[in-house]
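Subject: Structure handover

Hello,

Here is the structure I promised to pass on. Please open it alongside this note; my findings follow below.

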Amino acid sequence: MNYLLALIVPMLWGSTYAAVSLFLQDMSPYWVAVWRALPAGLVLLLIRPKLPPLSWSRMTLLSFCNIAAFFVLLFIAAYRLPGSVAGTLGATMPLQMLLLQWLGEGKKPDPRSVVLAVLGLIGVGLLLNPSADLDPIGTLAALAGTALVSQSALWMKRWPVNDALSFAAWQLVLGGIMLIPFAWFVAGAPVALSLDAIPGLLWLVLLNTAFGYWAWVRSVKKLGPNMMSMFSFVNPVTAVLLGIGLVGESLGMLQWAGIGLILVALLFMRKPSKPDQAEATTAHCQQGDSGPQSLSAREAQR
């Protein structure tokens, strides 16, 4: 069940391109980012109306890195790079995750994990067939956005969080609020929504973002950030397959070979090592033994 839910996350996020192409092409992408994040967070808060499970400083940091700054960098890359190049650079997440753990935690990369990450990245490169003409600003934006998401996932694993729903909700709400002044400055005031855009927005808000970010937070805590970074290879596969089915695109032999390499990397992806399992078990026991946080402990966190 845990692996199935984790696999659904990149499949949902891979549907973003198709949803935008079919329903949201006339909307400013910056306001789409706001409407994607803020309403999704409010929906989750209606389901679980609670205060943030971490201190305001940590929640603000995560919301900025994982939602606001990431969306800004994502759109900078989208405007300055072909979509295939941006997708390939985003697939460097497993390698960036290993590098961040090495630099920040002193955890030497496992050779098997490096080989599988490189194999999957090669598969994404074949699948998306990126152009060699790379805009340096767009390239740095794509790599920086991926690095922010990777670092956020490592923080989410490390920091004690018992409630994935409220944790995801507050990230989306705070990140959406941070995006409003940026969208207003770049794209001007928001325009009225058309009826044609409503199906796409409903999909993005309810399933792609509200459900997707809750499942992402839960999966990072259950399976670890390294495993979830490998699942990110499913994102471009989903985007391409939906492009075939819904937008009328087609694949060549090299692209099918790329899908094959990605599947091989996922199939040979091993389970977490014993130290990782022990760490996860210890964290789970600590959370379980502590039970609901006392009022004084919660106040101390804030």
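Is Ser-150 buried or exposed? Ser-150 is buried, with a relative accessible area of 0%. (Buried means under 20% relative accessible area, exposed over 50%, and partly exposed in between, using a 1.4 Å probe and protein chains only.) Ser-150 sits in helix H8, residues 136–158. Helices here are DSSP runs of H or I with at least four residues, numbered from the N terminus. Setting aside neighbours within four places in sequence, Ser-150 is in contact with Met-93, Gln-96, Met-97 and Leu-100. Contact means heavy atoms within 4.5 Å.

Some ground rules. This is a predicted model, in which local features need pLDDT of at least 70 and side-chain atom pairs count only at pLDDT 80 or more, while totals for chains, interfaces and linings use all residues. Residues are numbered from 1 along each chain as its sequence is written, and side-chain values use heavy atoms, with hydrogens and water left out.

Confidence

pLDDT is the predictor's confidence in each residue, from 0 to 100. The chain has a mean pLDDT of 78, and 79% of its residues reach 70 or more. Among the elements, helix H9 (residues 164–187) has the highest mean, 94. Helix H15 (residues 295–301) has the lowest, 34. Over residues 272–302 the pLDDT is below 50. That stretch still has 24 contacts in the model beyond near neighbours in sequence. Where pLDDT is low, the predicted coordinates should not be read in detail.

Aromatic pairs

The structure holds seven aromatic pairs. Rings of Phe, Tyr and Trp (its six-membered ring) pair if their centres lie within 6.5 Å; planes under 30 degrees apart count as stacked, over 60 as edge-to-face and the rest as tilted. Phe-70 and Phe-71 have ring centres 5.9 Å apart and planes at 45°, so this pair is tilted. Phe-71 is buried, at 2% relative accessible area. Trp-155 and Trp-159 are stacked, 5.6 Å centre to centre with 5° between the planes. Trp-155 is buried at 16%, and Trp-159 is buried at 10%. Ring pairs also link Trp-31, Trp-35 and Trp-184 into a cluster.

Helix packing

The axes of helix H1 (residues 2–13) and helix H10 (residues 198–223) come within 8 Å and cross at roughly 140°. Axes are lines fitted to C-alpha atoms, for helices over the stretch in contact, with angles from 0 to 180 degrees between N-to-C directions. H1 and H10 are therefore oblique to each other. (Under 35 degrees is roughly parallel, over 145 roughly antiparallel, 65 to 115 roughly perpendicular, and the rest oblique.)

Best wishes

Definitions and conventions: Helices (H or I, at least four residues) and strands (E, at least two) are DSSP runs, numbered from the N terminus.
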